[in-house]
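Thanks for coming, everyone. Please look at the screen, and I will walk you through the chain.

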Amino acid sequence: MRKQLMAALCGAVLLAGGCSTADEDPPAASSTGGAEVATLQTGTPTPAASATTPQDERPRERLDDTPEDQKERLKPYTKCLTEHGVDITKRRSDGTGADGISEAGKACEHLMPLPPWEFDPANPEAKDFARDVVKCLKGKGVRYVEVGADGTGWAFGGKNNDSESISKGLKYSPACEREVAAKRK
């Protein structure tokens, strides 16, 4: 019933000529007080009206990134940090990173690359991806490997820190990641 009502309403509007296309100019009101016809056309959207957020603008790492790709993708972020007074070549006294990065980090956060989509907690399929990679690794002989605590990664070695599982896991992870990603496309 609702569909029939909407179809009849749309048909009546079209027959009355109350719609315009993007190529037509909207009718102007006459100087004698003629009525204007309302349209859904609002003009050209402005960039401010865009639905993008800083998160949408952030670059995203890829599973097939080379170290050079990663370095290139980080350049805008490190440049921003430098512009905000962070000397990225200096280490903090605890050896973990550059001094003053917290304030600059907030200002430059929109340039920090996001993880590959397969590892992103925002991806509803990330946990399935991790489970499939663990299955692949076990198929390649990694004895002690399990899905990580966050559900989007994996851990090697088990409670014993089995060195063979760790080295095989590190060796075969990139291949399993690509293999699983290819099957999901």
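Let's start with the cysteines. Count the bonded ones along the chain, and the disulfides follow the pattern 1-2, 3-4. A disulfide here is a pair of cysteine sulfur atoms within 2.5 Å. A search of the whole structure finds 2 of them.

Some ground rules. This is a predicted model: local features need pLDDT of at least 70, side-chain atom pairs count only at pLDDT 80 or more, and totals for chains, interfaces and linings use all residues. Residues are numbered from 1 along each chain as its sequence is written, and side-chain values use heavy atoms, with hydrogens and water left out.

Now take C80 and C108. Their sulfur atoms sit 2.0 Å apart. The angle about the S-S bond is -85°, and the link is left-handed. Where are the two cysteines? Helices are DSSP runs of H or I with at least four residues, strands are E runs with at least two, and both are numbered from the N terminus. C80 and C108 are each buried. Buried means under 20% relative accessible area, exposed means over 50%, and partly exposed is in between, with a 1.4 Å probe and protein chains only.

Next, C136 and C176. This disulfide has an S to S distance of 2.2 Å. Its angle is -75° about the S-S bond, again a left-handed link. C136 is in helix 5 and C176 is in helix 6, 40 residues apart. Are they buried or exposed? C136 is buried, at 12% relative accessible area. C176 is buried too, at 0%.

On to the cores. In soluble globular proteins, nonpolar side chains tend to be buried together. A nonpolar core here is a set of buried Ala, Val, Leu, Ile, Met, Phe, Trp, Tyr and Cys residues joined through side-chain atoms within 4.5 Å. The largest one has 14 residues. Those with the most contacts inside it are F129, V133, L137, V145, W154 and F156. Helix 5 (126-139), strand 2 (154-156) and helix 6 (163-184) each supply at least two residues of this core. Which gives the most? Helix 5 does, with 6 residues.

Look at F156. Contact means heavy atoms within 4.5 Å. Beyond its neighbours within four places in sequence, F156 is in contact with several residues, including L137, V145, I166 and L170. There is also a second, separate core of 6 residues, and C80, L81, A104 and C108 are among them.

Now helix 6. It has 22 residues and reaches 31 Å from first C-alpha to last. That is close to the 32 Å expected, where the expected span is 1.5 Å times one less than the number of residues. Helix 6 has a kink of about 45° at Y172, shortly before the proline P174. The bend is the angle between axes fitted to the seven residues ending there and the seven starting there. Its buried residues include S165, G169, C176 and V180. The buried residues of helix 6 pack against helix 5 and strand 2.

Last stop: D120. It lies in the loop between helix 4 and helix 5. At 8% relative accessibility, D120 counts as buried. Its side chain reaches the backbone nitrogen of A122 at 2.8 Å. Leaving aside neighbours within four places in sequence, D120 is in contact with R60, P115 and A126.

Methods
Polar contact = N/O pair within 3.5 Å; in protein donor to acceptor, adjacent residues only side chain to side chain.
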